[in-house]
Amino acid sequence: MPMRILPWLIIPPAAIIGLGLLLQGISAIDSQLYFTWGYFLEVLIAGTLQGVMYSLVALGFVLIFKASSIFNFAQGSMVLFAALTMVGLMGWGLHWTLAFLATAGVMVLLAMAIERAVLRPLVNQPHIILFMATIGIFYFLDGFGQTLWGSDVKQLDIGIPRTPIFIFEETFEGGILVNQFDVIAALVGGALVAILAIFFQKTRIGRALRAVADDHQAALSVGIPLKTIWAIVWSVAGIVALVTGVMWGSKMGVQFTLALIALKALPVLILGGLTSIPGAIVGGLIIGAGEQIAEVFLSTYIGSAIQDWFAYVLAMLFLLIRPQGLFGEKIIERV
Amino acid sequence: MSAVATAAAPNQNQQEDGGVTQNTARVFDEVLLEVKDISLAFGGVKALTNISFDIRKGEIRAIIGPNGAGKTSMLNVINGFYHPQDGTITYKGQVRRKMRPHNAAKQGIARTFQNVALFKGMSTLDNIMTGRLLKMRTNMLLQAIYWGPNQREEIRHREYCEQIIDFLEIQAIRKTPVGRLPYGLQKRVELARALAMEPELLLLDEPMAGMNVEEKEDMCRFVLDVNEEFGTTIALIEHDMGVVMDISDRVVVLDYGRKLADGPPDEVRRDEEVIRAYLGVGH
Amino acid sequence: MSTTNLPPESLDTFPKLLAHHVEVRGDRPAMREKDYGIWQTSTWKEVAAEVRDFACGLAALGLQRGERVAIVGDNRPRLYWAMTAAQALGCVPVPLYQDSVAEEMAFVLDHAEARFAVVEDQEQVDKLLDLKERCRTLETIIYDDPRGLRNYDQPFLHDYEAVQKEGQTFLKSHPDFYEQAVAAGRGSDISVILYTSGTTGRSKGVVLTAAGCINAARDTVAFDHLNDRDQVLAYLPPAWVGDHYLNYAQGLVAGFCMACPESADTVEQDLREIGPTFYFAPPRVFENLLTRVMIRMEDAGRMKRALFHHFIALAKRHGEKILNGEKVPLPARLHYALGELLIYGPLKNVLGFSNIRVAYTAGEAIGPDLFSFYRSIGLNLKQLYGQTEAFLYVTAQPDGAIFADTVGPAIPNVDIRIEEGGEVLFKSPGQFQGYYKDDENTAEALTPDGYVRTGDAGFFDEATGHLKIIDRAKDVGRMQDGSLFAPKYVENKLKFFPFIKEAVVFGHERPFATAFINIDMEAVGNWAERNSIQYGSYQELAALPQIYAVIGENVEQVNRDLAQDSKLAGSQVRRFLVLHKELDADDGELTRTRKVRRRIVNERYAELIAALYDGRTEVHASVEVTFEDGRKGRLDGDLTIADVETFPPVQPAIRQAAE
Amino acid sequence: MFYREAGQYKSDYASDQAIFPIRQDRIGVLLIFLFALLVIPFIATNYLLNSILVPFLVFSIAAIGLNILTGYCGQVSLGTGGFMACGAFFTFKLTTWMPEVNILLIFLMAGFGTALVGIAFGIPSLRIKGFYLAIATLAAQFFLIWMFTQNPWWTNYNPAGVITAPPRALFGNFYITGIEATPVNKYLFLLCFTAALALVAKNLVRSALGRAWMAIRDMDIAAEIIGIRPMAAKLSAFAVSSFFIGISGAAWAFMYTASVEALAFEVTRSFQVLFMIIIGGLGSILGSFLGAAFIVLLPIALSNLPAMVGLRLPVDLIAHLEFMIFGALIVFFLIVEPNGLARLWQIGKEKLRRWPFPY
């Protein structure tokens, strides 16, 4: 079914303006709520940029789910493991680029090991079993990474500037504060998505991967064994995890909580659909922005620290209206 | 077109096996279900166009047609799984509003599926017992205690299911998980489950698909027996034309979502359009 | 010593016994049937009511005292009740083999002049409707299972339950009818006519009187201490004397519970569930069972197999002695107890033998090893010798005095005499009155002083005083050199090998003995699969050279055994062939009880027999076969004939009785 | 091997449908229960009772609850921790509000309260399935924990956000919570309570409701077509499951730890219980017990193992190694027997029943 462009051009701006107007209205009644359009946009942009980071994590899930219907809970610990390994290698005196490449190699090896030791023996098992197996991998990698590199918080600095800058100073009073780091992270994320898109569209392996997503039989006719495809897709997911780890790690330090950012990505996934790469991106942006706006403007009313669950409730409410997610097609059930 | 082979078969078949044949022409007057001007489409793809026919109480009604003719969609419409965009369904004299399949079940419409839709994790007996769920009344608390009213109810329904098991001759597999059964037996268990609902209208979607000759004969016998012993009205989809001509009272023919013909088997067999559709002339 | 509570001797008919059990143990189970997934149980009271209603219904339909009522079907409670109901009215039930071909059935129906028939289901109804033309006397058919009979509108067809309903109505207007009818019964009345499937010619109707039946059953019930806590599984054809005696007559005398299996296919499962205390099976069943036990154990893990063989070997050494209550050293006893826990107990459990107090086998000789196997694992298996004409028992082995090659001493009240030519004669309380409407055969079977000729050759073993049966009297022959030829004896030895299902040995008035062999499809097929040998049919499997090799070794082993016995050494088999078709009752080659019909085999395979003696090594066989649906066809094949080594007779040594 | 089934025939449906139709099983279960009831209290150390048996029983209840939802009704849930927290906090509020009401009744009331929460969070299951639903249940997990941490009302304004079990007796002086409660008391109460709950669960799954759940699990479309209302079946599964899990949360807080904060019911708790039913066996009450035993014992075994073989390792290294081994064992176990310990037991039992035959 062709994706209609028009709604995507109209709905998001409309939703943003509508939300702004709503909050403005509330602030008019209740003086506790501080609202200016500049502040609103600042929060929105910060949230959206944060959302790109969520999208990065979600991307790793989607890649694997698309190719093998496995819900890879270990994606989070892969992020931690990659970041730990890279910090560790840099601790040995390697330049960050070399460390990055070496870690990428490690992630490929890891993917092959997982395919051989876990996925292959479990082929044809119900999805829930594979899901549980990835939780097993989650525990293993968590322990393994910290056994190798220790569990103290480490700094990861690859020289991304962190100074905040102000933009649109002439339009809004005081301008809008934007974190430079977030902008760069967003650019990296965008670049990664672009590279993946090219990989999927233009290379033979990429096309095979898409074939697998549609139909395992068809994939076999492409001439690439399923196990190779799985190893490749897990490697790609591993490299995505590495990029995610670098970005998140340099933002908040490399420590074991990094593994838990997987939990952040989950609402993104149900919002965007488990099999849709654009869904992961757009879902991430919506969740990031929504969460930030809720935290800033709603915590007065319902209490603080709501970012723990707000994204989930948002995604769930969305699903109740549209069970197939943002980009899913309407399911026609057959009997 | 795969239908050619099966369409050619019945003429020889007819004379040879006299074993299970509905030999006398039976007459039915009371309309049990009537579909009128039904149209169904999925996002622009038309599955059914202006279909009208009726099913009369007590008869065996066959729905035939080449692959993709919309037969299964028709059954799905009848038992509330699909909602047609146009047309009305009158069941037992009442025009039916939009309804979910479980409402249809409550009103006495049971069915089996083209691809066996049994509950794979349960035994044959438990599968059949699920057919009794609509008739079970004890509440959750009594079920938690089990003994007393709930146990008595369980036993009462078990007795009913055992009669069906006996009727369909599946005693030996009573406690076998259905996943382990061969295909032919699974189809029989599915029929048993539908019968456990004590349906007034039984929809059978290709009850004999994928069976060998012997299994087909058994199934034919069961279908006839059900119709005869319980007086159940049966609407069935079947590809084996020999079977259809032998056991059905009236036949409706669909092709590309349109109705081609409707009438007793002999009449339908001679219908020009039906012959053309089956032989593929003009396509 | 009598621990059994026998009913008073004055009760001389089965309906009277039924009334007695209602008085004494009315609420105890009398009959169970696996139906609708559980063992539906009827107490004596319920049975009596069912019988009464049905009897009255029969009377209402016009059944007259003294008439014959045909009973056709599997072991169904209602059919047994129909027998008692007929007997209550002073009529004679005539049970028929439900799988017999139309011709046989027509003959019996016609011969017995049955006006009423009580049958199981649609299948039997259809069969009788086909035969009705030929059986002029048949008027009324009553069916047990109405399934599929809804559209049958013949006025003479009746539903069992409808007949019972009618009986209830009848009872209202004739309240004392049933009691009076039962009271009018006499011990001298004919109780049942059992048609024997006879090894030759037409079936003969064996006429048995009520008092005879009951007295015979009383003797054996006392002999084996049966009581109302016992339970049996009635799985043998009701038309066979074994079922009628062991289950029906003994049940009504002892008051025990008879269980009917769900269907013929589920007998094994049902046996396991019921766990009978008294059990009978022909040697063939025990043999098949053992074969399957061994095959299944082949597939067991190494540990388990070693354990199994260890304990089976132990049982071989001590098991029988322990069962017989002989002296066994304590360590061996403990060792055996461990075996009981680990192997024998579970094995008997899986086979459904756990609760058996008394098991019998009869009908033909049982291989000594086979017999010992079951006894050694603690199953009290005994042999009896009997006949339809005796109402089964002539001899039986008492507990504790068991020998594999004897059939025991005469049971109480039975007198046995061995005739000049070796034929066994007997006189027993249950012996028959004569063959129905067949004075000629009756006269032949009875001696002037009232003894019955068994037609079997045998002698009393001097050491034990037990009777030994060698063979059919007329089958015991002489080799050309005048030495004894006992084909059955040799055949039994052959059949003990797992691959051999059936054997027919020839040698009467011949220079040497030869044999036909039937392979055991299950055992050989399993073996072929394990050795990945391809085969398409029974015929191909039978012709495999590997099979010939194995069977050749088996025959050689038998010859070696025969050479031990100077009397029978001449019966060693010198040449054999493996038949390309299974001997089959449908072709008349076997009786319904699966005994070889020698004469017919001789006729049908004359060419093959000739080839065995003229030195050919290959022979073309072509034989007519009957398929299940009654159609006929021919089966062709080229058969190899193999030679086997024979051994010179060993000087006679002193044989031990309790081998 | 120990089965002697010959002669154990069923002459009525009641005995055919019994939970343990085989006599040897009945005897075995009875012996185990009697041993647990009459012998263990006299021979067990406090460590065994407090650190192994009590958590085992508490987790068993939770595992039965989750198994009803996931194993029998096919709805994967990751919200177990949240529902356990509900049970714990509901119990705390109820018993401090109504100290005179018997604690057993309070437990049950907390269970019913949790059931209501379960129904509320089960509503999405009507529209969404599979992993989508699993993630949606995380909403319950995070929301509920947030609610209990953020709102001091739930802890009666305890500054540390901790609830502590007040002393409550089941009858007379038989204290089962608070400092007066001896380990033996707690154990005995939990043993009987768990047994009763397991019986209730077994009764439900072998009745109409259980069949409706399994039908939904195996093929929801077919289930609807034979007349099962998906909403009723799914929500009842959520309710019953939450009831069990709520009670187990209450037992955790009041009898196992005696003093607890909401963070004890974090998402890892949810995974822990999920592991129990996967390893124990989906759709099996027995499996719930086996899985609970496995997951309770494994960490204890892992943390004691190095010391037992004489290795002295730093504490944090041991913790990391534990994680690794735990994860590896889970994967290993899933590969060896994806259907769980209950399946292994079943296979073993079949072998024993057929002994000495292999099939």
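In chain A, the axes of helix H1 (residues 6-29) and helix H11 (residues 277-302) come within 12 Å and cross at roughly 5 degrees. Because an angle under 35 degrees counts as roughly parallel, H1(A) and H11(A) are described as roughly parallel to each other. The model is a predicted one.

**Helix packing in chain A: H1 and H11**

- From H1(A), the residues Trp8(A), Leu19(A), Leu23(A) and Ile26(A) take part in the contact, and they meet Val282(A), Ile293(A), Phe297(A) and Tyr301(A) of H11(A).
- By class, this contact has 8 nonpolar residues, with no polar and no charged residues.

**Helix packing in chain A: H2 and H10**

- Helix H2 (residues 37-68) and helix H10 (residues 261-272) of chain A have axes that come within 8 Å and cross at roughly 75 degrees.
- On the H2(A) side, the residues in contact are Tyr54(A), Val57(A), Ala58(A), Phe61(A) and Val62(A). On the H10(A) side, they are Ile261(A), Ala262(A), Lys264(A), Ala265(A), Leu266(A), Val268(A) and Leu269(A).
- The contact of H2(A) with H10(A) comprises 11 nonpolar residues and 1 charged residue, with no polar residues.

**Which chains touch**

- There are 5 pairs of chains in contact, and of these, chains A and D share the most contacts.
- Chain A and chain C are joined by no contact, and their closest C-alpha atoms lie 25 Å apart.

**The interface of chain D and chain A**

- The area buried between chain D and chain A is about 4,000 Å², and carbon and sulfur atoms give 82% of it.
- Phe131(D), Tyr132(D) and Trp146(D) supply 18% of the area that chain D buries against chain A, more than any other three residues.
- Across the interface of chain D and chain A there are 0 salt bridges, and 1 residue pair is in polar contact, with both residues at pLDDT 80 or more.
- Helix H6 (130-150), helix H11 (267-280) and helix H13 (315-336) of chain D are the elements that give two or more residues to the side of chain D that touches chain A.
- Among the contributors to that side, H13(D) gives the most, with 13 residues.
- The side of chain D that touches chain A divides by class into 31 nonpolar, 3 polar and 3 charged residues.

**The interface of chain C and chain D**

- Here 33 residues of chain C are in contact with 20 residues of chain D.
- Chain C and chain D bury about 2,200 Å² between them, of which 61% comes from carbon and sulfur atoms.
- Of the area that chain C buries against chain D, 28% is supplied by Ile38(C), Arg296(C) and Lys304(C), more than any other three residues.
- Between chain C and chain D the count is 0 salt bridges, while 12 residue pairs are in polar contact, both residues being at pLDDT 80 or more.
- Five elements of chain C, namely strand E2 (38-43), helix H10 (267-274), helix H11 (283-298), helix H12 (302-324) and helix H13 (330-351), each supply at least two residues of the side that touches chain D.
- H13(C) gives the most to that side of chain C, with 10 residues.
- By class, the side of chain C that touches chain D has 17 nonpolar, 9 polar and 7 charged residues.

Note on methods. Residues are numbered from 1 along each chain as its sequence is written. Chains are lettered from A and ligands numbered from 1 in the order in which they are written. This is a predicted model: local features need pLDDT of at least 70, side-chain atom pairs count only at pLDDT 80 or more; totals for chains, interfaces and linings use all residues. Side-chain values use heavy atoms; hydrogens and water are left out. Axes are lines fitted to C-alpha atoms, for helices over the stretch in contact, and angles run from 0 to 180 degrees between N-to-C directions. Helices (H or I, at least four residues) and strands (E, at least two) are DSSP runs, numbered from the N terminus. Contact means heavy atoms within 4.5 Å. Ala, Val, Leu, Ile, Met, Phe, Trp, Tyr, Cys and Pro count as nonpolar, Asp, Glu, Lys and Arg as charged, and the others, Gly among them, as polar. Buried area is the accessible area (1.4 Å probe) that two parts lose on being put together, summed over both. A salt bridge is a side-chain nitrogen of Lys or Arg within 4 Å of a carboxyl oxygen of Asp or Glu. A polar contact is a pair of N or O atoms within 3.5 Å; within protein, one must be able to donate a hydrogen and the other to accept it, and residues adjacent in sequence count only if both atoms are side-chain atoms. Angles under 35 degrees count as roughly parallel, over 145 as roughly antiparallel, 65 to 115 as roughly perpendicular and the rest as oblique.
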